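Opening the notebook on this one.

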Amino acid sequence: MEKHAVQVVTKHYEDLGYSVDDVGTRQPFDLDVKRGDIDLSVEVKGTTSVGAEVILTSGEVNHHRERFPNNSLAIVHSIELNRSDEAPMATGGELHIVSPWEVEDSDLIPLAFKYQTGLT
């Protein structure tokens with residue numbers, strides 16, 4: 001599903017004349033999007049839901065806070081997932097982009113904590 005969402009967002013930006021580099025395997029964001037003096041870090045999220053909530057890592061949050069206002073959140077929601085084959089196939093979806101994207105504390109809900117036990 002994530003691969004499909006990245007393809008949808010890549011096509012969107014390329015259609016607008018941007019060059020797009022998929023950096024998701026080596027950076028705390030998914031796409032490096034450039035056109036002229038514009039250089040955006042784009043976070044891509046894909047979901048079969050309506051996209052009311054997405055999961056963010058602490059690395060993603062920290063990176064996008066540092067990059068604001070040169071960043072975007074791109075959500076491909078309502079993706080259809082066909083699980084009838086051995087490898088599930090994602091299709092469709094609706095694109096919603098927030099740019100610039102300011103990550104507000106009030107929009108974050110903690111899901112986990114790292115606890116220091118004092119053991120060495």
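This is a predicted model: local features need pLDDT of at least 70, side-chain atom pairs count only at pLDDT 80 or more; totals for chains, interfaces and linings use all residues.

Entry 1: I started at Arg-67, which comes out partly exposed, with a relative accessible area of 24%. Arg-67 makes a salt bridge with Asp-39, and I get 4.0 Å between the closest N and O atoms. Arg-67 sits in helix H2 (residues 58–67) and Asp-39 in strand S3, so this pair ties together parts 28 residues apart in sequence. I looked up Asp-39 too: partly exposed, at 28% relative accessibility.

Next I checked Arg-65, whose side chain meets that of Asp-105 in a salt bridge at 2.4 Å, N to O. This one also links distant parts of the chain, with Arg-65 in helix H2 and Asp-105 in the segment after S7, 40 residues apart. Arg-65 is partly exposed at 36% relative accessibility, while Asp-105 counts as exposed at 56%. I also noted a network: Glu-43, Lys-45 and Glu-60 are joined by salt bridges that share partners. How many salt bridges does a search of the whole structure find? I got seven.

**Entry 2: helix H1.** Lys-11 and Asp-15 form a salt bridge here, closest N and O atoms 2.7 Å apart. They are four residues apart in H1, which means about one helical turn between them. Asp-15 is exposed, with a relative accessible area of 57%.

Then I listed the buried residues of H1: His-4, Ala-5, Val-6, Val-9, Thr-10 and Tyr-13. Their cover includes strands S1, S2, S3, S4, S6 and S7. Just after H1, I found Gly-17 with a positive phi of about 90°.

**Entry 3: rings.** I searched the whole structure for aromatic pairs and found one. Tyr-13 and Tyr-18 make it, edge-to-face, with 5.4 Å centre to centre and 90° between the planes. Both tyrosines are buried. I also saw Arg-35 over the face of Tyr-18, 4.1 Å from the ring centre.

**Entry 4: Asn-71.** Is Asn-71 buried or exposed? I call it buried, because its relative accessibility is 0%, under the 20% cut-off. Asn-71 lies in strand S4 (residues 71–77). Beyond its sequence neighbours, I see Asn-71 touching Leu-40, Ser-41, His-64, Val-98, Ser-99, Pro-100 and Trp-101. A polar atom of the Asn-71 side chain is 3.2 Å from the backbone oxygen of His-64.

Note on methods
Residues are numbered from 1 along each chain as its sequence is written. Side-chain values use heavy atoms; hydrogens and water are left out. Helices (H or I, at least four residues) and strands (E, at least two) are DSSP runs, numbered from the N terminus. Buried means under 20% relative accessible area, exposed over 50%, partly exposed in between (1.4 Å probe, protein chains only). Contact means heavy atoms within 4.5 Å. A polar contact is a pair of N or O atoms within 3.5 Å; within protein, one must be able to donate a hydrogen and the other to accept it, and residues adjacent in sequence count only if both atoms are side-chain atoms. Rings of Phe, Tyr and Trp (its six-membered ring) pair if their centres lie within 6.5 Å; planes under 30 degrees apart count as stacked, over 60 as edge-to-face and the rest as tilted. A charge sits over a ring if NZ of Lys or CZ of Arg is within 6 Å of the ring centre and within 35 degrees of the ring normal. Lists of a residue's contacts leave out its neighbours within four places in sequence.
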